[in-house]
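This report describes selected features of one protein model. Please consult the sequence and the three-dimensional view while reading.

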Amino acid sequence: NYRELTGLEHVPVLGESLAWGEGTTNPLLAIAQLALVALVAFVADAAVTAWRRGQRRRALAVGGSMVIFVSAALGSAVLSYWGLARLPVLASLFFLPIVLVMGFELSLDLIRTVRLAVELDAKTIALQGSERKLAFAAEAARAGLWSVDRATGRLWATPQALSMFGLSADREHHVDEVLASVHPDDRERVRAFIGGSQGDPRGTTLEYRVTLPSGETRWHGARGAAHDEPRGSPTLMGATIDITERKRAEEETARQRVELEHLSRVATLS
């Protein structure tokens, strides 16, 4: 602050004796004081921007306190160091209110964070309960729920759905793993159903065969609907049920109908 100190002078302030220096002021001190002027201008502009965005309390509390008290500290320093007034530099006295105001604002942010965390925990518990109810309902209906990210192929599925394709529920899966279990004659239809560029938001139904690791072939019926979010990738969501018994009943009915037609023709010829 000084290139040379020639003495100290004591000044009474609030009943106390404070010392301030006398001497040759360092010209480079002007750079630091101009930096404080730039800081005041920056904070004022930020406060105006926050006010326009609706953060008026924060603009007045933080921005206003910094502009007022930094300006006061700067004025005190200019008057003292350049010999314009006989008073000590009380920088900490002016910056203490800024610290208190910023601490108050940070405390409010902390309180809001805690409240949001409590609300998030409550919503998470409620969501988990809804998911358990949905999974129970799907399991009771012997349906597997799933969704496919069409951009990445990432698959989310309930344990019921994974077991229908012979997949384990202890890790993430890709849609290619599902396609690998589909019967070769139905694989292209399922691929087009999952990865089509256009999807019917009302839903599309598909029946296909799946070959399990044990070698058994099962019939599945799936219904999926496209769900495209503005900020997310296109997703196909749906449910799958095992329709093997129904298919077997249909095949048995068709076989009996053929036999009945054969017997009818034999009876006619007789």
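## Strand S3 and its neighbours

S3 pairs with strand S4 (residues 154-157) in the antiparallel sense, over three bridges. Two strands are said to pair if DSSP finds at least two bridges between them. Strands (E, at least two residues) and helices (H or I, at least four residues) are DSSP runs, numbered from the N terminus. Trp 146 has Ala 157 as its bridge partner in S4. Four residues lie between the strands in the hairpin of S3 and S4, where Gly 153 takes a positive phi near 80°.

S3 is also joined to strand S8 (residues 235-242) by seven bridges, and these two strands run antiparallel. In S8, Thr 235 stands opposite Asp 149, Met 237 stands opposite Ser 147, and Gly 238 stands opposite Trp 146. Strand S3 (residues 143-149) is largely enclosed by the rest of the structure, because six of its seven residues are buried. Buried means a relative accessible area under 20%, exposed means over 50%, and partly exposed lies in between (1.4 Å probe, protein chains only).

## Basis of the model

The model is predicted: local features need pLDDT of at least 70 and side-chain atom pairs count only at pLDDT 80 or more, while totals for chains, interfaces and linings use all residues. Residues are numbered from 1 along each chain as its sequence is written, and side-chain values use heavy atoms, with hydrogens and water left out.

## The sheet

Six strands form an open sheet with antiparallel pairing, in the order S5-S4-S3-S8-S7-S6. Its edge strands, S5 (173-174) and S6 (204-211), each pair on one side only.

Strand S7 (residues 217-227) and S8 are joined in the antiparallel sense by eight bridges. Here Ala 225 stands opposite Met 237 of S8. Met 237 also stands opposite Ser 147.

## The cavity

How many cavities of 30 Å³ or more does the structure hold? There is one. The largest cavity has a volume of about 160 Å³. Of the 16 residues that line the largest cavity, Trp 146, Phe 165, Val 178, Ile 194 and Tyr 208 are the closest to its centre. On a 1 Å grid over the protein atoms alone, a cavity is a set of points where a 1.4 Å probe fits but cannot get out, and lining residues have an atom within 4 Å of a point. Grid points are joined across faces, edges and corners, and the volume is the space filled by probe spheres set on the points.

Which elements contribute to the lining of the largest cavity? S3, S4, helix H4 (159-164), helix H5 (175-181) and helix H6 (187-195) each supply at least two residues. H6 gives the largest share of this lining, three residues. The lining comprises 15 nonpolar residues, one polar residue and no charged residue. In this classification Ala, Val, Leu, Ile, Met, Phe, Trp, Tyr, Cys and Pro are nonpolar, Asp, Glu, Lys and Arg are charged, and the others, Gly among them, are polar.

## Aromatic pairs

Two aromatic pairs are found in a search of the whole structure. The ring centres of Tyr 2 and Tyr 81 are 5.7 Å apart and the planes stand at 75°, so this pair is edge-to-face. Rings of Phe, Tyr and Trp (its six-membered ring) pair if their centres lie within 6.5 Å; planes under 30 degrees apart count as stacked, over 60 as edge-to-face and the rest as tilted. Because Tyr 2 lies in strand S1 (residues 2-13) and Tyr 81 in helix H2 (residues 56-81), the pair ties together parts that are 79 residues apart in sequence. Tyr 2 is partly exposed at 21% relative accessible area, whereas Tyr 81 counts as buried at 17%.

Trp 146 and Phe 193 form an edge-to-face aromatic pair, with 6.5 Å centre to centre and 75° between the planes. Trp 146 belongs to strand S3 and Phe 193 to helix H6, so the pair ties together parts that are 47 residues apart in sequence. Trp 146 is buried at 8% relative accessibility, and Phe 193 is buried at 13%.

Notes. On a 1 Å grid over the protein atoms alone, a cavity is a set of points where a 1.4 Å probe fits but cannot get out, and a pocket is an open set with protein on both sides within 12 Å along at least five of seven lines; lining residues have an atom within 4 Å of a point.
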